[in-house]
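Q: I'd like to learn how to read a structure like this one. Can we walk through it together?

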Amino acid sequence: MSAETVQAIIDDLGALLLFTMILIVAASQISRAIYAVAAQSFLIAIAGAVLATATGNVDLWVIAGVTLVVKATLLPWVLHWVVRRMNVRREVEPVIPVAATLALAVAVVVMSFHLSASLGTVRQAITGNALPVGIALTLSGVLVMATRKTALTQMVGLFASENGIFFTAMAVTQGMPLIIEIGVILDVILAALVMTIMVLRVRSTVDADIADLDRLKG
Amino acid sequence: MAETLLWVLPLVPSVTALAMLTTRKRRILSGLDVGGSAVLFALTLVLAREVAAGGPRSIGVFRIDDLGLVFLLLLVVLTLTVSIYTVGWLRQAVAVGNMKAESLRSYFALVHAFVATMVVTVLADNLGVLWIAMEGTTITSAVLIGYHGHRHGLEAAWKYIIVTTIGISFGLFGTVLVYAAAADVMGSAGTMSWSAIMQVAPTLDPGIVRIGFIFVMIGYGTKAGLAPMHLWLPDAHSQAPTPVSALLSGVLIKCALLAIIRFQTIAAAACGPAFAEEVLLVFGLISVVVATPFILVQRDLKRLLGYHSVEHVGIVALGLGFGGAVGTYGALLHVVNHGITKALAFFAAGTAIARYGSRDMRAIRGLAAVAPIGATLLMLAALSLAGTPPFSIFVSELMVLRAGIGHGHWVAIAIFLVMVVVIFAGLLHHAGAMVFGEPRGAGRRTEAWSPLLAMLLLAAIMVLMGLTIPASFDGILRRATEVVVG
């Protein structure tokens, strides 16, 4: 593949990634947000495969495979399992209206593109528009974590945020060391595990949802 | 020898943690706890001697230089005293039912896993390993914060894991950006090693490093407890079991500061020192200002100490922000002084809280009458935290101040001084009310020996560091300052 083709594919995938992010921000039901983040991880895996073919970097195949298995399949499955297990009736519970969050997300995307356009030459180090898309995904993931009360939606935001970082890291022309990427994925799995245990523990020991815990102040 | 020690050090707490899973007896667990920490302490002293004789060493992804050594020494001293303190604290906590006797081994194993991840953050040369270990500290300590399992503990643990995980993703993004800049220069030989990046740092693209540093500052700054990302800190510090509070405040937030300093040196080389210093200065000032009102109106003793950590991390950031040899030396010294003093304060507070059965400072009255030694130590810690001479914190605060005056940061100095004076008054008011007066709600029982021993050790270091800095430690601090300032 020529460099232009790769860049075009990465840019298209970036656009699709931003679209899945909008779905996550706008989701009114937790299960839809989980499907959206799974689709997003799937797109990241495709991006990894494309970059692997283009650069001949074997490490990227491994990363694409791990992303597909862990982030596109395993973690969404765990989230769905928790939803069923806890019989979640409360949905995303936004702190501010969803429309306002969407407007903020748009601002984040515009700002990210503006920011990386100002960088000029350094963009050679990162393929295509992966930098602004990565920054936009990371920041809107954080936005989701900050503006939703329920634990599972916050976890979805976390995964989206990590996806943004991975997208940029993959597109760094030289690639990231494999062992580091594997370590990062391992950390994400462990964090998700501990969070899941906490959610279940809060339910079983104090009979409440994470969203009800709001007594520590001042 | 030193190279071998580099990978043995993280193994010591890991092996200790595994060994703890094999037994349920409290005495054996406490023995393993103190033993493991003592071995870690002894090996670190050997390593310090080797580094003093032969300079920085590295093996694979690990590296030790004098900068790392400052933090490593603080880590092992506090780990050892925490282990000693835990012996007596645990006996009491099990007796009143705060800790369940049958689940002790998981508590001890988690504490040592937590220590192991912190050792890796200090020794990491590879910036990716640094990040992975930092996230590892979040995962292990989150479970410890919620260990008591009551509503407030779980709330604090959830807030902690969410806020610091958000923060730390910014840190990873910043790391990726700095790596992209380095890979662009180094070509296919691009590595994430801090020492390798430092060699090419002056040629890195300043634009991307600048954005990377801001991401890292927000990311690791969250973990360090800098305002306005400090939201998790007072909750976590107040709800965690006391030994864990001491580790969080004394060591963990300092490890995050070390990560910030590592990136600060890269940013200073790539875009000139002024940019990184300005960012640190702003975060430092915000932290000092934000912490002050909360310290004044606080009623919960451990929350008070938590907010106080925000203030002192702010002072360290100010020292780094004022920059130069004096400011950096002062900041590093403050890291050590605050770590020692704050651990002492948490120990003394924990003992007082156990005696009165309440964290509310209005309930703790007349401590001097019922527990004279503990009360004296609490008062000493409060005096030192407030910045009274001749204690150690006074010395390092003065250095930070001098650096600020030397570089003509008059506005920052004025704000800093006002806040320090206000906090001085507020803290001594709180401490005086607890120590003196008519004792209520607590009888005079003998004070347990092991917490006292741990506190006396820390108090001795605190007083010593206030009177004079030992020549060997001064050498380490000077060389560490050179690593940062160049």
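Q: How many residues has the largest nonpolar core, and which have the most contacts inside it?

A: In soluble globular proteins, nonpolar side chains tend to be buried together. This is a predicted model, and its largest nonpolar core has 275 residues. Those with the most contacts inside that core are Val70(B), Leu344(B) and Leu378(B). Leaving out residues up to four places away in sequence, Val70(B) touches Leu332(B), Val335(B), Val336(B), Ile476(B), Leu477(B) and Ala480(B).

Q: At what angle do helix α11 and helix α17 of chain B pack?

A: Two packed helices are described by the angle between their axes and the distance between the axes. For α11 (residues 273-297) and α17 (residues 410-435) of chain B, the angle is about 25°, and the axes are 10 Å apart. An angle under 35 degrees counts as roughly parallel, so α11(B) is roughly parallel to α17(B). Their crossing is left-handed. Among the contacting residues are Leu285(B) and Val289(B) of α11(B), and Phe416(B) and Met419(B) of α17(B). By class, this contact has 13 nonpolar, 2 polar and no charged residues.

Q: And how many residues of chain B are in contact with chain A?

A: The size of an interface is often given as the accessible area lost when the parts come together. Here we go by residues: 37 of chain B are in contact with 40 of chain A. On the chain B side, α5, α6 and α8 each supply at least two residues, with the largest share, 20 residues, coming from α6(B). That side has 21 nonpolar, 10 polar and 6 charged residues.

Conventions. Residues are numbered from 1 along each chain as its sequence is written. Chains are lettered from A and ligands numbered from 1 in the order in which they are written. This is a predicted model: local features need pLDDT of at least 70, side-chain atom pairs count only at pLDDT 80 or more; totals for chains, interfaces and linings use all residues. A nonpolar core is a set of buried Ala, Val, Leu, Ile, Met, Phe, Trp, Tyr and Cys residues joined through C-beta atoms within 7 Å. A residue is buried if 20 or more other C-beta atoms lie within 10 Å of its own, exposed if 12 or fewer, and partly exposed in between; C-beta atoms are placed from the backbone. Two residues are in contact if their C-beta atoms, placed from the backbone, lie within 7 Å. Helices (H or I, at least four residues) and strands (E, at least two) are DSSP runs, numbered from the N terminus. Ala, Val, Leu, Ile, Met, Phe, Trp, Tyr, Cys and Pro count as nonpolar, Asp, Glu, Lys and Arg as charged, and the others, Gly among them, as polar. Axes are lines fitted to C-alpha atoms, for helices over the stretch in contact, and angles run from 0 to 180 degrees between N-to-C directions. Angles under 35 degrees count as roughly parallel, over 145 as roughly antiparallel, 65 to 115 as roughly perpendicular and the rest as oblique. A crossing is left-handed if the near helix is turned anticlockwise from the far one by less than a right angle, and right-handed if clockwise.
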